[in-house]
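Please read it with the sequence and the structure side by side.

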Amino acid sequence: MITKKSLPRRTFLRGMGTAVALPFLDAMTPAFAATTRAKPPVRMAFVYVPNGIIMDGWNPDYEGTLGALPRILKPLEPYRQDITLFGNLTHNTGRALLDGAGDHGRCCASYLTGVQPRKTVIDIKAGVSFDQIVANQVGKQTRFPSLELGMEDARQAGDCDSGYSCAYTNNLAWKSETQPLPPVLDPRALFERLFGNGMALTPAARARENLYRRSILDFVTDDTRKLETGLGPTDRRKLDEYLSSIREIERQIERAEKDNAQIDPHMEKPYGIPADFAEHFKLMADMMTVAFQADLTRVITFLVTHEGTSRPYREIDIPDGHHPLTHHRNQPDLIEKVTQINSYHVRQFAAWIAKMRSIPEGDGTLLDNCMIVYGAGLSDGNRHLHEDLPTLIAGRGGSHFKSGRRIVYRKETPMCNLYLAMMDRMGVHVEHFGDSTGRLDTLDLT
Amino acid sequence: MRMNFWTIAMAVSLAGSLCAADAPPADFDSAVKPVLSKTCAMCHNEKLSSGGLNVKLLLSPDSIATYRDGWETILDKLRAGEMPPKGIPRPPEPQMQALIHYVEGEFEKADRNIKPDPGHVTARRLNRSEYSNTIHDLLDVDFRAERDFPTDDSGYGFDNIADVLTISPVLMERYLDAAETIASRAMGADPLPKKPLEVQYHAKDKSIRRVDLGVIEASHRVEWDGDYIIRFGMPGERAADAKPVTLAFWIDGALVKTMPVETKPSKLVYFDPYSEAEVRMYLPSGDHVFRAGFIDDDFVKTLSEKDAYNKKKNKFLDSITFVGPFPSDVERASRKKILICDPKSGQACVDRILTALAHRAYRRPATRAEVASLAKFVALARSRGETTEQGVQLAIEAMLVTPQFLFRIERDPNPTDALDVHRISDIELASRLSYFLWSSMPDSELQGLAEAGKLHDPAVLDAQVKRMMADRRAAAFAANFAGQWLEIRNLDVVKPDPDKFPEWGPELRDAMKTETRLFFEYVLRENRPLSDFIDAKYTFLNARLAKFYGIPNVTGPDFRRVELTTGQRGGLLSQASVLTVSSYPTRTSVVLRGKYVLNNILGSEIPPPPPDVPALDESAVGTLMSLRQQMEKHRADPMCASCHNKMDPLGFGLENYNAIGKWRTEDGKFPVDSSGTLPNGKSFKTPDEMRALLMTGLPQFSRCLTEKMLTYALGRGLHPYDRAAVNAINRDLAASGYRFQSLIFDIVHSAPFQMGRADAPAPARVAGAAGRVPAPRGAS
């Protein structure tokens with residue numbers, strides 16, 4: 001873009017007095033600034049890829065210390081010290097269990113909720129996802145309890161999977177058993193959400209905005225209460241959803257007022273959704289990095305593309321749709337293409353991990369204080385298998401997490417056992433989640 | 001209701017008496033029992049109970065009431081001619097017809113005794129397109145919620161279904177931000193810079209994208225609403241005899257301007273030839289994608305990519321420049337609309353302004369208390385030393401985020417009594433109507449009639465429906481209903497392989513969309529029969545699409561009606577849009593297309609395949625085996641056969657169209673064989689013959705379309721208790737000769753559209769009466 005005359009676009013944040021430069025974790029962050037040498041918080045993220053993974057290219061033929069990694073995981077090899085690879089974790093609730101076809105819809109909806117979703121296109125019902133249980137507790141300390149991101153627009157028309165509502169494949173996080181949280185797809189929208197519209201406001205202007213917004217929220221809350229009288233249960237449920245979203249915004253304003261500073265993300269505000277997959281991924285990853293680094297949130301779910309997606313990968317010369325390819329009938333050339341897509345995804349992920357690991361925090365790196373799960377709701381996408389789900393964690397979840405290993409659990413170990421273990425490390429103690437049978441053990445350093 | 005049950009009963013008895021002449025007398029023992037025990041019982045008996053059906057339980061007349069579900073399924077199969085299957089001797093046709101008529105008549109009798117249940121429509125949040133349209137009609141502000149809000153979830157194939165339209169904190173944030181932006185734009189509160197600015201996007205610094213040969217695109221943020229001069233830089237020149245081209249300009253995918261451009265050498269420029277074209281227009285603020293290109297430019301297609309950007313050989317676009325903003329008249333209009341008096345004149349005026357605004361925003365008269373609570377925002381702004389206008393702006397912001405605006409909530413006089421079936425209020429009816437046909441708020445005429453209590457008068461209502469269908473806002477009906485029914489919206493999502501389909505590009509894609517939209521709008525506006533959808537001998541084309549179809553003598557970028565004179569094209573199923581969305585990126589799929597026809601035209605749901613289903617060997621298609629050979633292999637498996645026998649023939653009938661809808665006679669090295677045999681034994685050899693066969697299924701199509709449109713109109717899924725309404729609509733539709741507008745009138749006059757009841761557990765009176773309408777739990 002060439003601007004011939006000087007363009008006083010309302011000044012971008014960078015360089016403004018109110019903006020706080022990054023990394024600033026040690027300089028600011030009210031959440032743990034109280035103690036002088038505060039321990040950095042633990043954060044968690046889920047990166048979900050659809051349609052299963054070619055497991056021959058994923059599972060190493062050994063257990064224990066990670067050495068050379070199989071083809072799909074190759075891009076992560078330089079960071080293998082930071083990776084924990086899990087074997088035999090299973091989501092039984094993704095299976096049919098008398099509900100017939102629809103593994104794609106089911107595996108996505110059960111992935112973080114640990115319950116079998118109701119087979120319906122209308123009165124959707126799954127469960128509160130475990131990331132939201134965590135967000136409900138630790139989220140009070142950050143501006144956003146959680147962030148939901150994605151990269152693929154929902155299908156605009158038609159059905160999604162075999163009698164399962166599109167809501168099941170469009171979303172990963174569920175705030176209540178009937179309310180999924182739609183992911184933000186557009187990097188521009190995410191940027192605006194995290195950093196405002198890219199324009200610096202004076203403290204007085206910010207105070208004005210907050211005051212007005214507050215008064216509007218009070219007004220609509222009052223209005224809704226009046227509306228609710230005389231309504232039936234489903235109408236009320238809709239208005240309750242509305243009210244709970246209002247309360248969420250009120251909390252955000254409160255938190256923003258407490259740490260009265262704007263964050264300089266050190267990046268230009270993106271323009272919409274890039275056509276190139278890697279470019280899109282990188283923008284999302286950059287913003288996730290800043291969100292963790294600046295402690296804007298501690299919980300992120302990232303639904304890369306949708307279960308059942310027919311997205312082709314022309315970026316790597318694959319013109320065929322992803323989902324049709326995964327029903328490969330054991331044809332070597334089709335398996336090869338799926339493997340390439342799987343590797344391509346991991347390559348983007350590895351680049352993010354590299355970045356997370358390059359940022360110092362406390363005595364280690366930002367990655368050390370995170371648990372970033374990369375995984376899929378199906379292992380073999382051809383046969384729709386729900387056992388031995390491809391799952392890895394990057395990061396150490398604080399300082400006591402022993403990584404650089406592959407741990408193979410007993411067959412059929414519930415995925416929810418991993419979630420319980422992760423919740424422990426997030427400081428959220430729950431006895432039971434989904435179909436858990438206990439906590440995943442042998443994760444720690446000892 | 002326009003169609004009362006007496007007229008229906010008369011229609012039924014009339015139909016019955018007409019049939020009686022050539023059919024056996026209609027009683028259970030003569031019309032039903034023989035077929036059941038002789039033909040059906042061969043497979044559907046105690047031992048085999050094929051398909052889970054044992055007809056022994058159905059051998060008495062009262063079984064029609066007791067096993068309504070089962071009988072509905074049977075009736076479906078018989079109507080579609082699927083039963084008895086091939087290989088089983090078929091009773092003579094009059095006997096089959098007599099059976100169908102008898103059972104239909106019994107259903108009708110039974111339904112007549114049931115008090116109609118119109119169901120309850122849950123509080124409905126405006127979806128993205130309803131939000132944008134409502135904002136436009138309310139405040140004259142162009143806001144594009146599609147860009148700013150998260151995707152609305154859809155149910156039953158539509159994104160206006162109340163039960164699945166949820167609100168998340170992210171959406172709530174967007175609502176608040178949007179309200180702020182919209183209120184400030186509506187009030188023209190954003191002061192313009194003193195001098196216009198100039199921003200250029202140019203090929204030399206790669207700030208434009210070349211999306212196609214001769215088409216450039218730039219993403220630009222318009223900072224202020226206002227007029228801008230947009231300048232297109234075009235270096236180069238063509239030969240001395242070169243023809244002028246048409247320069248087209250799109251904003252966010254919509255064509256907004258075309259202008260002729262000379263391409264032959266100008267006498268003024270001797271070296272480094274360069275010319276500019278410019279347009280001055282109003283641009284709404286926000287991030288937009290601007291695209292400019294030469295359309296119908298056959299010359300450029302003869303050039304190599306290198307030559308296309310050679311200034312000596314071609315004239316091409318290489319920059320877009322924005323100069324502005326200049327003050328515009330556009331904003332003043334919206335301001336004037338809001339400020340009906342001078343707010344500085346005092347509280348009385350402020351109240352008037354807010355009363356008028358809230359009335360429109362809430363789509364009903366606002367109460368005094370409501371106006372008073374909105375006026376508090378004006379007081380708040382004043383107390384902080386701001387102007388009254390700023391206060392009004394703040395009040396607008398608040399109005400745009402209350403559930404009164406964001407939701408359509410209908411009130412039941414008896415919220416706890418689900419048996420209290422009542423007519424919805426005229427004001428509620430007005431909104432149902434306007435969101436059905438316009439995806440927007442009622443206009444003042446409609447609202448006025450509703451508030452005067454006149455709207456429910458059938459004559460008044462009909463006049464309004466007629467007026468609304470003719471209004472430009474009805475374009476939303478085509479975009480949202482047809483766009484989802486026919487899955488045309490997915491054209492923006494599909495990505496055909498550019499290596500296999502080099503013709504695919506934004507221009508062709510948009511032309512495909514336009515064809516289907518214009519076609520749908522024509523059938524609606526001209527009140528054509530539904531059969532036009534299946535096999536119209538006309539369509540709407542511009543030069544680009546006509547060339548793609550191989551239809552001569554259509555020139556220029558504008559679409560016009562074109563008569564179809566060969567058997568290659570006719571009706572929706574031969575339109576490239578439909579054929580593209582029902583294909584894979586690299587190839588056609590008889591299964592996808594067959595399923596498309598069943599789901600969207602014939603209204604038949606197909607269960608999904610079991611996992612571990614052997615997929616099609618992609619690489620072999622067209623080289624080792626023809627697609628048909630492969631599919632035949634597939635269908636040899638009895639597990640696959642029952643559904644694929646229904647789907648595949650319909651898909652094969654469309655094999656003459658490739659994955660982006662181009663006519664072909666060969667697929668790879670094999671000739672295309674588009675013949676097929678439907679489960680009812682009727683067969684066809686060409687797409688044209690298949691269309692002729694589908695015409696005999698017009699009643700099925702009409703039912704399918706009725707169910708889809710009623711779902712869309714109500715914003716809820718259909719339930720067994722809606723069956724009576726669907727039947728009634730269909731009967732009336734048949735009597736009208738399947739005129740498209742009749743369907744809309746019938747839906748508007750139906751009980752579920754005009755009536756309501758409290759939201760409580762479904763009353764017992766409908767127990768056991770399951771319909772052919774899709775069950776709420778997706779069957780699979």
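## Domains of chain B

In this predicted model, the C-alpha centres of domain 2 of chain B and domain 3 of chain B lie 35 Å apart. Seven residues on each side meet there, that is, 7 residues from domain 2 of chain B and 7 residues from domain 3 of chain B, where contact means that the C-beta atoms of two residues, placed from the backbone, lie within 7 Å. On the domain 2 side, strand S3 (209-212) and strand S6 (245-251) of chain B are the elements that give two or more residues; strands (E, at least two residues) and helices (H or I, at least four residues) are DSSP runs, numbered from the N terminus. That side of domain 2 of chain B comprises 3 nonpolar, 2 polar and 2 charged residues, with Ala, Val, Leu, Ile, Met, Phe, Trp, Tyr, Cys and Pro counted as nonpolar, Asp, Glu, Lys and Arg as charged, and the others, Gly among them, as polar.

The division of chain B is into domain 1 (5-112), domain 2 (197-326) and domain 3 (479-695), with bounds that come from an automatic or database domain assignment. Residues are numbered from 1 along each chain as its sequence is written, and chains are lettered from A and ligands numbered from 1 in the order in which they are written. Because the model is predicted, local features need pLDDT of at least 70 and side-chain atom pairs count only at pLDDT 80 or more, whereas totals for chains, interfaces and linings use all residues.

Chain A is assigned domain 1 (21-198 + 262-425) and domain 2 (201-260), whose C-alpha centres lie 30 Å apart. Their contact involves 4 residues of domain 1 of chain A and 6 residues of domain 2 of chain A, and the domain 1 side has 2 nonpolar, 1 polar and 1 charged residue.

Between the chains, 77 residues of chain A are in contact with 80 residues of chain B. Helix H6 (233-258) of chain A is among the elements that give two or more residues to the chain A side, and H6(A) gives the most, with 11 residues. By class, the chain A side has 31 nonpolar, 25 polar and 21 charged residues.

## Sheets

S3(B) is joined to strand S4 (residues 215-222) of chain B by 3 bridges, and Arg209(B) has Glu217(B) as its bridge partner in S4(B).

In chain A, an open sheet of 8 strands has mixed pairing and the order S4-S17-S5-S16-S15-S3-S10-S6, with strand S4 (64-65) and strand S6 (147-150) of chain A as its edge strands. Strand S5 (residues 83-90) and strand S16 (residues 391-394) of chain A pair in the antiparallel sense over 4 bridges, and Phe86(A) stands opposite Thr391(A) in S16(A).

## A helix pair in chain B

Helix H16 (residues 426-437) and helix H17 (residues 444-451) of chain B pack at an angle of about 155°, with their axes 8 Å apart; axes are lines fitted to C-alpha atoms, for helices over the stretch in contact, and angles run from 0 to 180 degrees between N-to-C directions. H16(B) and H17(B) are therefore roughly antiparallel, a term for angles over 145 degrees. Residues making the contact include Leu429(B) and Leu433(B) of H16(B) and Leu446(B) and Ala450(B) of H17(B), and by class the contact has 6 nonpolar, 2 polar and 2 charged residues.

Conventions: Pairing = 2+ DSSP bridges. Parallel < 35°, antiparallel > 145°, perpendicular 65-115°, else oblique.
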